Amino acid sequence: MEQPVVLRNIINARQSCTFYYPRRRRSAPHKGVYMRQAEAVSGGIGLTRSGKDLQPPYNVVITGGTKGVGRALAREFLRVGDNVVICSRDRDRVSSTVRELDGFSQVEEGAGKIQGRACNMAKPGDVASFADFARDSLGTVDLWINNAGSNGYKYKTLTESSDADLINIVETNVLGTMLGCKEAIRVMRDQRTGGHIFNMDGAGADGDATPRFAAYGATKRGLVQLSKSLQAELKMLNINNVGIHNLSPGMVTTDLLMAGADTATAKFFINCLADPPEEVAAYLVPRIRRVPLDSRTLGGAIGQGTYIKYLTKGKAYGQILARLLTGARKDRFVPED
Amino acid sequence: MSKTKFAAKPDASNQASKKQSTRNRDMPDKAPLEKLQKALASPKKALPFLSEAADRATDGLHKPIGLVLASAHILGSACLLSGVSMGGAWGPAAMGAVLGSLYAALNRFGMKRFWRMPHAPLNVVVTGGTKGLGKAIAREFLRSGDRVMVSSRSVQAVRKAMNELRDEVGPAIWIGGIDCDVSSPASVQRLTDGAASQMGSIDVWINNAGFSGSFQSFLDASPEQIQEVVQTNLLGCLLCTRAAMRLMAAQPRGGHIFNMDGAGADGLPTPQYAAYGATKAGIAHLLGSLKAEPACQRARVGVHCLSPGMVLTNLLLEGASDTNKQIFNILCEQPETVAAFLVPRARTVAARGEAGRYIRFLTLPRALLRFIAAPLRANRFFNADGEPMYAAERERILGQRARRTERLAAAAARRSRNLAFAYSASLATAYAIIAADTLTHLTP
């Protein structure tokens, strides 16, 4: 989009100085763009609460960071120099993951630090104390990734699902993410630099039917709607230093997905569309890290969410077509015949 | 949790028969016959019966007459203003009047034919059926002659609702009640077992129990409140659906499950009730996933969605601001009206054995129409200060407002999109014919 010259100058000026008080902006002709910031400044406690001074390295919180995508994300963030806090329900798994990734960051040059703590995301008290722990050990929480999710590691019809599975799926996916968002917003809104929250979507998020994991699909569909509601609420409350975004990892060859590799169709699609968590994380992390920088240049539109997708529709169709024409990716993860 | 279970047998000593509903028409009942016999036996009592019949004949006549006049006016003035009619506006006006009366008659007398009635009374379970929309739905099923089991978390609420429903509908009904917390698997199982043993089978299961957690910011809501919303709405719906599917798959007649959607089901943001919206989005999503399940395909179990739109119940009113209330004036309806729309359609779905239906009361075009007609709806439920203007439930069902409630409910039940479309198309065709006629006369 072509910006007016005045506007561009202002933005450049803003980028060049680290601490910036918007005196000139008030007399700028494009007042509307900065209206919200000006309000925030005048209504605040003398500090710019706009989240624009967020600079790498970031302090990152990843829920459910001991397995699969969460763990790969943690490793990738560490590699590029960010500090990471992870959690999981299982205390032993947290400590072993932290030990392992700590070993990795000792070896790697310029890598960040990792810490962890056991936390059940479906328990309100747990989540609050985990958020406090993260803030205290990191100083600020810049990025919070609600990654913890479950489908009970089973692919069954609803009638065959057990009580424990349904409760686990609903509580981990929906309640866990809601409480995560709530606590993250609580911590971030008091930070001068604000922060960004990312919710993991999953199959069903786009509204497509998810037979064999109906409950999981329903929870993920709900989460996409939740992100929109929270964006709208933050706008209403004039909290413009917290951003809510979605991450779509596509199909990842984790336990969560591989538990369903028992039918011919499932095997076809897993081979065709899935990718290992490391690849997905390597794609997502630079894009996540760009979000604070982008919201700095986009004229204060921090309340608007980004949706970072690894497996887009076009990419998926392309891979299916390639598979059908050339047989690419056959038997990649699971033998098909 | 207490183990109270109680089923009601038709209670002959109940004296509510005087207040027997005038809307028992779906039931092959003997009520009019009995009344006639009574009237003949004691001429003094004939007077109220006759006046009731007269009421029924004239009730809601303003709508058909309005349709005739409006059609005449629309077609007449359209032709006059565009100058297409050679012989003045009277011809087209008469044509409009004929069309209007045709469709008014169709709507009033023809609509009932479109409903397929089940062969036998249905056995219905309504969760959260002790107040608000759930109670209205239970009442509507009872009036249609079905057997209904209501459930709610508290035993007192169940007992109270059963007594009230018996008062409102009449003594000759079968109503049962079991207390059930839908978010607890054991409790849901107890409801399923109890309902199946008391009613024999379950044909229709309405997942109506829901919790909104009051109208407030997500940041102000307590974690416990959010927890309750998620557990009641989404987990409760999943557990009940699963229990009902298991049971119905084993029944020779199958069965039908109806989930209630709500704001957020379409994926649009719901600020101030974020948790509620997210759970409802999930519930609406279930419809597609469950259609593919073997229980639905082989065993004739239907999973459906009911969309009640905005209903004037506690769930909606908790924490509502004055601005909200002005919107409620425009979009809201009383639970009786919405139930009168939903229940005949749900019964038709059950009678036809359809699968995966989405029955919507407040569609987007209807909501838009209501906003256009907003001035007519001012002060309908709340005045400018946000004070409620509507009568209490008992007053609406049994008191002075009963006739108005009946009229609104009958109109809602008769609503038909096909008929509305056919009517608009007929008017447009009539105009086109007149215009074509004029043009052929102008160019010889």
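What share of the 444 residues in chain B is buried? I looked that up before anything else. Buried residues make up 42% of chain B. I count a residue as buried if 20 or more other C-beta atoms, placed from the backbone, lie within 10 Å of its own.

**Ground rules.** I am reading a predicted model, where local features need pLDDT of at least 70, side-chain atom pairs count only at pLDDT 80 or more, and totals for chains, interfaces and linings use all residues. Residues are numbered from 1 along each chain as its sequence is written, while chains are lettered from A and ligands numbered from 1 in the order in which they are written.

**The two chains.** Chain B comes to 17 helices and eight strands. Chain A has 12 helices and seven strands. Helices (H or I, at least four residues) and strands (E, at least two) are DSSP runs, numbered from the N terminus. In chain A, buried residues make up 48% of 337.

I then turned to contacts, meaning residue pairs whose C-beta atoms, placed from the backbone, lie within 7 Å. For chain B, residues 24 or more positions apart account for 72% of the contacts with a separation of 6 or more.

**The sheet of chain A.** I traced an open sheet of seven strands, in the order E3-E2-E1-E4-E5-E6-E7, with parallel pairing. Strands pair if DSSP finds at least two bridges between them. The edges are E3 (114-118) and E7 (307-309), each pairing on one side only. Neighbouring strands are turned by 20° against each other on average, direction ignored. Angles here run from 0 to 180 degrees between N-to-C directions, with axes fitted to C-alpha atoms, for helices over the stretch in contact.

E6(A) (residues 242-248) and E7(A) run parallel, joined by three bridges. A:Asn246 has A:Tyr307 in E7(A) as its bridge partner. Helix H5(A) (residues 91-107) packs on the sheet, touching E2 (83-88) and E3 of chain A, and its direction makes about 180° with that of E3(A). H7(A) also packs on the sheet, against E1 (59-63), E4 (143-146), E5 (195-200) and E6 of chain A; its direction makes about 175° with that of E4(A).

**Where the chains meet.** Which helix gives the most to the side of chain A that touches chain B? In total, 38 residues of chain A are in contact with 42 residues of chain B. H7 (163-189) and H8 (214-236) of chain A each supply at least two residues of that side. H8(A) gives the most, with 17 residues. By class, the side has 21 nonpolar, 12 polar and five charged residues. Nonpolar means Ala, Val, Leu, Ile, Met, Phe, Trp, Tyr, Cys and Pro; charged means Asp, Glu, Lys and Arg; the others, Gly among them, are polar.

**The core.** The largest nonpolar core has 164 residues, and A:Leu73, A:Val170, A:Ala215, B:Ile137, B:Val230 and B:Ala275 touch the most other members. Such a core is a set of buried Ala, Val, Leu, Ile, Met, Phe, Trp, Tyr and Cys residues joined through C-beta atoms within 7 Å. H8(B) gives the largest share of this core, 14 residues. I checked A:Val170, leaving aside its neighbours within four places in sequence: its contacts include A:Leu175, A:Ala215, B:Val230 and B:Leu234.

How values were computed: A residue is buried if 20 or more other C-beta atoms lie within 10 Å of its own, exposed if 12 or fewer, and partly exposed in between; C-beta atoms are placed from the backbone. Two residues are in contact if their C-beta atoms, placed from the backbone, lie within 7 Å.
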